[in-house]
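Here are my notes on the model you sent, as numbered points.

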Amino acid sequence: MENQNYCVRCGGELPSDATKCPHCGKTLPAKDRLFRRFLIDHTKDQLKGKLEDSLFEAIKNYLLSHLFGMLVGLLVIAVGCVAIFAPSPYDHIRMVDSVDELRGGASAPAEKTVSDADRAQIEEMLGKFVACLDLAHFQAGTDAYSYCISDTLYEQLNKDVDESLLATYYDQFPYIDIDDYPSNRVTVHGMTCGSDTKNGQWLTANGYDVVEVTLTHALYAVNQDPDTPQATADYLVTVTKENGAWVVVDTIKKEV
């Protein structure tokens, strides 16, 4: 049952669409009639038949009939705000005066270093290696090769240096009589990863760990003078890790 309207001045019954009271002739208060009529007039036809005589229903149906357009409008506003206020993806680009600036800005890869554990193992191995030469010249030899690469790996190398390891040492050193107690000692000066020799480069390319060692080899006659070497020589020694142990690959005498 529809609600009946009455004039607030004379109390007479009013038609639903009256703007003036037919009884007293007074203009009726606007209330929500004009706004409601606007909503009804601008609501889609399929929703008009569902309207009820209340402002709430009129607003609801108006919003429903314009929902798609409102969503599109909000989306356009949101996209516009992003385009205006978002930082430019090209802010990191700057003008340079030359290509050299670009090259200079590139960071070099971090240089690989020898770990403390490997350094200790290599120094210990080289100490044992030269200690094998403690006998007199004509007796020295075979034990030192236990600290060198295996014969199988040796045959695969592209050799570019003289690898007669023991002769490399003794050719420059004087003969010391066995009674004077010859003693060979090594002092390591530095270690770097990799090697410039063909052997070292081949091993690196084939997945081996390679270290280049600079050292001084000294020969002592302990029974004559335990503190002063009889001869010294500087070497560049390439070592690699084979079967979990560091071993000698090649040695190159450094000319002073």
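1. In this predicted model, the largest nonpolar core has 25 residues. Those with the most contacts inside it are Ile122, Leu126, Val211, Val213, Val237, Val239 and Val248. Helix H6 (116-131) and the strands E4, E5 and E6 are the elements that give two or more residues to this core.

2. Another core, of eight residues, lies apart from the largest one. Its members include Leu157, Trp202, Val210 and Val247.

3. Trp202 also belongs to the buried set of helix H9 (residues 198-205), together with Asn199, Gly200 and Leu203. These four are on the same side of H9, because they cover an arc of only 165° around the axis. The exposed residues Lys198 and Ala205 are carried by the face of H9 turned away from that buried side.

4. Ile77 is found in helix H4 (residues 67-85). Is Ile77 buried or exposed? Its relative accessibility is 54%, and the cut-off for exposed is over 50%, so Ile77 counts as exposed.

Methods. Residues are numbered from 1 along each chain as its sequence is written. This is a predicted model: local features need pLDDT of at least 70, side-chain atom pairs count only at pLDDT 80 or more; totals for chains, interfaces and linings use all residues. Side-chain values use heavy atoms; hydrogens and water are left out. Buried means under 20% relative accessible area, exposed over 50%, partly exposed in between (1.4 Å probe, protein chains only). The arc is that of the directions from the helix axis to the C-beta atoms. A nonpolar core is a set of buried Ala, Val, Leu, Ile, Met, Phe, Trp, Tyr and Cys residues joined through side-chain atoms within 4.5 Å.
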